[in-house]
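I opened this model to look up its strands, its sulfur link, its nonpolar core and its charged pairs. My entries follow in that order.

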Amino acid sequence: QVQLVESGGGFVQTGDSLRLSCAASGRAFSSYTMGWFRQAPGEGRDFVAAISVNGEILRYADSVKGRFTISRDNAKNTVYLQMNILKPEDTADYYCAVFKDLADLRTDYWGQGTQVTVSS
C-alpha cells in the first residue's frame with residue numbers, strides 16, 4: 001500500500017507555469033514507476049507523463065511534450081510535474097499515480113488530485 005498526496009495546483013493564466021508535487025509514503029517509492037494523469041470535468045482519464053524508477057526514462061502524452069517535465073527525487077519520496085506554457089485545455093484535476101510500468105500504464109494507486117485551472 002502507498003499513499004500519495006498531490007499539491008501545487010491553482011488558477012493561472014494562459015502561458016503561465018505551475019509545478020505539481022506528489023509526496024509518497026512508504027519505503028518502496030524508489031521501486032515504483034510514477035507518473036501523472038489528469039481528468040477534465042465530464043471527461044475520462046488522460047495519461048500525462050510517467051518516469052522510470054531511476055528517473056532516466058520518461059514518457060509523455062503528445063499533448064504535453066515540450067511543455068511539461070516530470071522528475072523525481074527518490075530520497076524525498078517525491079515526484080514532480082513542471083508545467084510550462086499552460087493552455088486552457090490543460091484545465092483538469094491532476095492525479096499522481098503508481099503505474100505498473102512504462103509499457104503498461106494501468107495504475108495501481110493514485111492520490112486525491114490537485115486542481116489546475118488555466119484561464120484564457
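I first settled the terms: two strands pair if DSSP finds at least two bridges between them, and strands are DSSP runs (E, at least two residues) numbered from the N terminus. The model is predicted, so I note that local features need pLDDT of at least 70, that side-chain atom pairs count only at pLDDT 80 or more, and that totals for chains, interfaces and linings use all residues. Residues are numbered from 1 along each chain as its sequence is written, and side-chain values use heavy atoms, with hydrogens and water left out.

**Entry: the open sheet**

I traced an open sheet of four strands, in the order β1-β3-β8-β7, with antiparallel pairing. β1 (4-7) and β7 (68-73) are at the edges with a single partner strand each, so one side of each has no neighbour in the sheet. From one strand to the next the twist averages 15 degrees (axes are lines fitted to C-alpha atoms, and angles run from 0 to 180 degrees between N-to-C directions). I then looked at β7 and β8 (residues 78-83), which run antiparallel and are joined by six bridges. Opposite Tyr 80 in β8 I found Ser 71.

**Entry: the disulfide**

I looked for cysteine sulfur atoms within 2.5 Å, the cut-off for a disulfide. The count comes to one. Cys 22 is joined to Cys 96, with S to S at 2.1 Å. The link of Cys 22 and Cys 96 is left-handed, at -75 degrees about the S-S bond. Cys 22 is in strand β3 (residues 18-24) and Cys 96 in strand β9 (residues 92-101), so the pair ties together parts 74 residues apart in sequence. I checked accessibility for the two: Cys 22 and Cys 96 are both buried (buried is under 20% relative accessible area, exposed over 50%, partly exposed in between, with a 1.4 Å probe and protein chains only).

Which residues have the most contacts inside the largest nonpolar core? I listed Met 34, Trp 36, Val 79, Leu 81, Met 83 and Tyr 94, in a core of 29 residues. Such a core is a set of buried Ala, Val, Leu, Ile, Met, Phe, Trp, Tyr and Cys residues joined through side-chain atoms within 4.5 Å. Strands that each supply at least two residues of this core include β4 (33-39), β5 (45-51) and β11 (114-119).

I turned to β4, where six of the seven residues are buried, so the strand is largely enclosed by the rest of the structure. Seven bridges join β4 to β9, and the two run antiparallel. Thr 33 is opposite Phe 99 in β9. β4 also runs antiparallel to β5, with six bridges, and Met 34 is opposite Ile 51 in β5. The hairpin of β4 and β5 has five residues between the strands, and Gly 42 in the turn has a positive phi of about 75 degrees.

**Entry: salt bridges**

I counted five salt bridges, taking a side-chain nitrogen of Lys or Arg within 4 Å of a carboxyl oxygen of Asp or Glu. Arg 38 meets Asp 90 at 2.9 Å, N to O. Arg 38 lies in β4 and Asp 90 in the loop between β8 and β9, so this pair ties together parts 52 residues apart in sequence. Asp 90 also meets Arg 67, at 2.7 Å. I noted that Arg 38, Arg 67 and Asp 90 are linked in a network of salt bridges. Are its members buried or exposed? Arg 38 is buried at 9% relative accessibility, Arg 67 is buried at 8%, and Asp 90 is buried at 0%. Asp 62, which forms a salt bridge with Lys 65 at 3.1 Å, is exposed at 64%.
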